[in-house]
Amino acid sequence: DPSDLQVLGSKFCQNSTHVIALGGQGLIGGGGIVEDGTATIANNVFFENWTSTKGGALVLDGQAIVEVSNNHFVGNISTDMAGAIFLGDVTANIFNDLFLDNSSPNSPVLLDDQGQATPNFNLWWLNTVGDANVATGANSLFTDPLLVNYVPGDCAAGNMLPTPYSP
């Protein structure tokens, strides 16, 4: 099916977008955008992406059905909405993800009033303005993920690995 998208095992590191036209109304994510169709986003690293609008790492919108699992969202920034993921008119299952040190004036994960998100089994740590404006999931953790040599500004793959004592 041409509407199916799979993003697997990739690294989105220090990408940026800035909306000048459209009065800042575009759906512009720092790392990527999914609009319409179905998508699986799994086993990726979204590290220190930045946007002046929605979704420091990702924008999910347009009646999409998305599964977001086993990803690391680390140090992403939006100066508007959603440091990690902006969820618009979308149905999203978000599980087994790490949300570390994401920031925005709102929340690391933001659910637009048209969408439906089901987060569960995620780890949330050092995000600004709380963790999400949706339920973070009954099985989620709120503790230091103990990453190996995590150094802000360093995209080396080894820095995103958990230590043997990681929760």
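Strand β4 (residues 32-35) presents a covered face, formed by Gly32 and Val34, and an uncovered face, formed by Ile33 and Glu35. The structure is a predicted model in which local features need pLDDT of at least 70 and side-chain atom pairs count only at pLDDT 80 or more, whereas totals for chains, interfaces and linings use all residues. Residues are numbered from 1 along each chain as its sequence is written, and side-chain values use heavy atoms, with hydrogens and water left out. Helices (H or I, at least four residues) and strands (E, at least two) are DSSP runs numbered from the N terminus. On this basis the protein chain has zero helices and 17 strands.

Strand β4 runs parallel to strand β8 (residues 58-61), and four bridges join the two. Strands are taken to pair if DSSP finds at least two bridges between them. In general, strands of a sheet pair through backbone hydrogen bonds, either parallel or antiparallel. Gly32 has Leu58 of β8 as its bridge partner, and Val34 is placed opposite Leu60 of β8. Strand β8 is covered on both faces, with Leu58 and Leu60 on one side, Val59 and Asp61 on the other, and all of them buried. Buried denotes under 20% relative accessible area, exposed over 50%, and partly exposed the range in between (1.4 Å probe, protein chains only). Strand β8 is also joined to β12, in parallel, by three bridges, and Val59 stands opposite Phe86 of β12.

A further group of three strands forms an open sheet in the order β3-β7-β11, with parallel pairing. Its edge strands, β3 and β11 (77-78), each pair on one side only. Strand β7 (residues 50-51) pairs with β11 in the parallel sense over two bridges, and Trp50 has Ile77 of β11 as its bridge partner.

Over the protein chain of 167 residues, buried residues make up 47%. Contacts are defined by heavy atoms within 4.5 Å. Among contacts with a separation of 6 or more, 70% are between residues 24 or more positions apart.

Nonpolar cores were defined as sets of buried Ala, Val, Leu, Ile, Met, Phe, Trp, Tyr and Cys residues joined through side-chain atoms within 4.5 Å. The largest such core comprises 22 residues, of which Ile41, Leu60, Val66, Phe73, Ile85, Leu87 and Phe99 touch the most other members. At least two residues of this core are supplied by each of β5, β8, β9, β12 (85-87) and β13 (90-95). Apart from this core lies another, of nine residues, among them Leu98, Leu100, Leu123 and Met160. When neighbours within four places in sequence are left aside, Phe99 is in contact with Phe73, Ala84, Ile85, Ile94, Val109, Asn122, Leu123, Trp124, Trp125 and Asn127.

Ser69 belongs to strand β9 (residues 64-69). Because its relative accessible area is 4%, Ser69 is classed as buried. Residues up to four places away in sequence not being counted, Ser69 touches Ile41, Ala42, Asn43, Phe95, Asn96 and Asp97. One of these contacts, Asn43, is found in the loop between β5 (38-42) and β6 (45-47). Phi of Asn43 is near 60°, a positive value in a residue other than glycine. A positive phi, near 55°, is likewise found for Gln14, also a residue other than glycine. Gln14 lies in the loop between β2 (11-13) and β3 (16-17), and its relative accessibility of 43% is why Gln14 counts as partly exposed.

The structure holds one disulfide, the term denoting a pair of cysteine sulfur atoms within 2.5 Å. The disulfide is formed by Cys13 and Cys155, whose sulfur atoms are 1.5 Å apart. The pair links distant parts of the chain, with Cys13 in strand β2 and Cys155 in the segment after β17 (123-125), 142 residues apart. Cys13 counts as buried because its relative accessibility is 19%, whereas Cys155, at 22% relative accessibility, counts as partly exposed.
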